[in-house]
Amino acid sequence: MGKNKASRERYDDLIDKKKHPLKWFTQVVWYRNWAFIILGVILAGILSYLTYQSITSERFDMRFIMAYYDDVITSPYAITLEGEIEQIYPDVDGNGVSDVGVDLLNLGDSASVEVNEAFWRKMLASFSDDNYIMYIMDTRIKELYSGNENGETPFDSTCIKLFCGEDSLFLPLESSPYFVDSNYTGDHTLYIAFRPKPKSVYASDELFYKDYIDILHLLLPDYPGSKGE
């Protein structure tokens, strides 16, 4: 019998197993598996931290993307639009406030290589994320996603058709009161587009896109063919 094994068995006998099973078990675990106990405490701490981060991290009732190539969309416009949408978008998670988040993506060549790649990954990943339905983009990005040689595009015309009857993937925002006095007109016009309703959603198109149609009314109150509230 090795020295370490003999020592462990001696510790096992310090407490009567039958009279004090809990104390005996605690002592055995401590003397025999103290390394695993320390590891367990560390893992529990990490798990607690990750859980806390998950609970306290900012959650959004809706997120959308503003993407540009060469014509920079400045943060004040994005923040203003974000705040205006929060005034009309419903409190989906029931926390008492409407939280809308905007991701401002520079997909052009003016950003560093690392930043540019990160933004492109974010854009591409959003097409498989059901949290992202609405997109605002400049002319260059619109052209990139108007459809490839097979006619494939991440966007869908349903929401716009419900709003104004046009069977179009994109609506120009140059007549929007939020952009009419900006540089985002003419060759620098911004467009809005929507992804298709997720396959996991069984609600009707009218019900699913209702809140986005309200946003279109906010952005384009006088757009021809749009139906009133």
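## Helix α8 and Leu 219

Leu 219 is found in helix α8. Helices (H or I, at least four residues) and strands (E, at least two) are DSSP runs, numbered from the N terminus. This is a predicted model, in which local features need pLDDT of at least 70, side-chain atom pairs count only at pLDDT 80 or more, and totals for chains, interfaces and linings use all residues. Residues are numbered from 1 along each chain as its sequence is written, and side-chain values use heavy atoms, with hydrogens and water left out.

Leu 219 has a relative accessible area of 0% and is therefore buried. Buried means under 20% relative accessible area, exposed over 50%, and partly exposed in between (1.4 Å probe, protein chains only). Contact means heavy atoms within 4.5 Å. Not counting residues up to four places away in sequence, Leu 219 touches Leu 81, Leu 173, Ser 176, Pro 177, Tyr 178 and Ile 192. Ile 192 and Leu 219 are 27 residues apart in sequence, and their C-alpha atoms are 9.8 Å apart in space.

## Overall fold

The protein chain holds eight helices and five strands. Their order from the N terminus is α-α-β-α-β-α-β-α-α-β-β-α-α. Of the 229 residues in the chain, 34% are buried. Among contacts with a separation of 6 or more, 63% join residues 24 or more positions apart.

## Nonpolar cores

A nonpolar core is a set of buried Ala, Val, Leu, Ile, Met, Phe, Trp, Tyr and Cys residues joined through side-chain atoms within 4.5 Å. In the largest core, which has 35 residues, Phe 64, Ile 85, Phe 194 and Tyr 212 touch the most other members. Two or more residues each come from β1 (62-68), α3 (75-88), β2 (100-106), β3 (132-137), α6 (158-164), β5 (191-194) and α8 (210-219). Helix α8 gives the largest share, six residues.

Tyr 212 has contacts with Met 62, Tyr 89, Ile 133, Met 134, Cys 159 and Phe 194, not counting residues up to four places away in sequence. A second, separate core has 16 residues, including Tyr 69, Leu 107, Ile 141 and Phe 170.

## The largest pocket

A pocket is found on a 1 Å grid over the protein atoms alone: it is an open set of points where a 1.4 Å probe fits, with protein on both sides within 12 Å along at least five of seven lines, and lining residues have an atom within 4 Å of a point. Grid points are joined across faces, edges and corners, and a volume is the space filled by probe spheres set on the points. The largest pocket holds about 330 Å³ of space.

Its lining has 16 residues, and Asp 61, Tyr 89, Asp 130, Asn 131 and Tyr 212 lie nearest the centre. β1, α7 (205-208) and α8 each give two or more residues to this lining. By class, ten lining residues are nonpolar, one is polar and five are charged.

## Three further sites

Ser 126 lies in helix α4 (residues 113-126). Ser 126 counts as buried because its relative accessibility is 1%. Leaving aside neighbours within four places in sequence, Ser 126 is in contact with Ile 65, Tyr 132, Tyr 135 and Arg 195.

Asp 167 is in the loop between α6 and β4 (171-172). Its relative accessible area is 60%, so Asp 167 is exposed. Asp 167 touches Ser 157 and Lys 161, not counting residues up to four places away in sequence. Ser 226 lies in the segment after α8 and is partly exposed at 21% relative accessible area. The C-alpha atoms of Ser 226 and Gly 165 are separated by 7.5 Å, although these residues are 61 apart along the chain.

## Confidence

pLDDT is the predictor's confidence in each residue, from 0 to 100. The chain has a mean pLDDT of 78, and 70% of its residues reach 70 or more. Among its elements, β5 has the highest mean (96) and helix α1 (residues 3-12) the lowest (48).

Over residues 5-12, pLDDT stays under 50, and the model has nine contacts beyond four places in sequence for them. pLDDT also stays under 50 over residues 49-57, for which the model has one such contact. Where pLDDT is low, the predicted coordinates should not be read in detail.

Definitions and conventions
Nonpolar A, V, L, I, M, F, W, Y, C, P; charged D, E, K, R; others polar.
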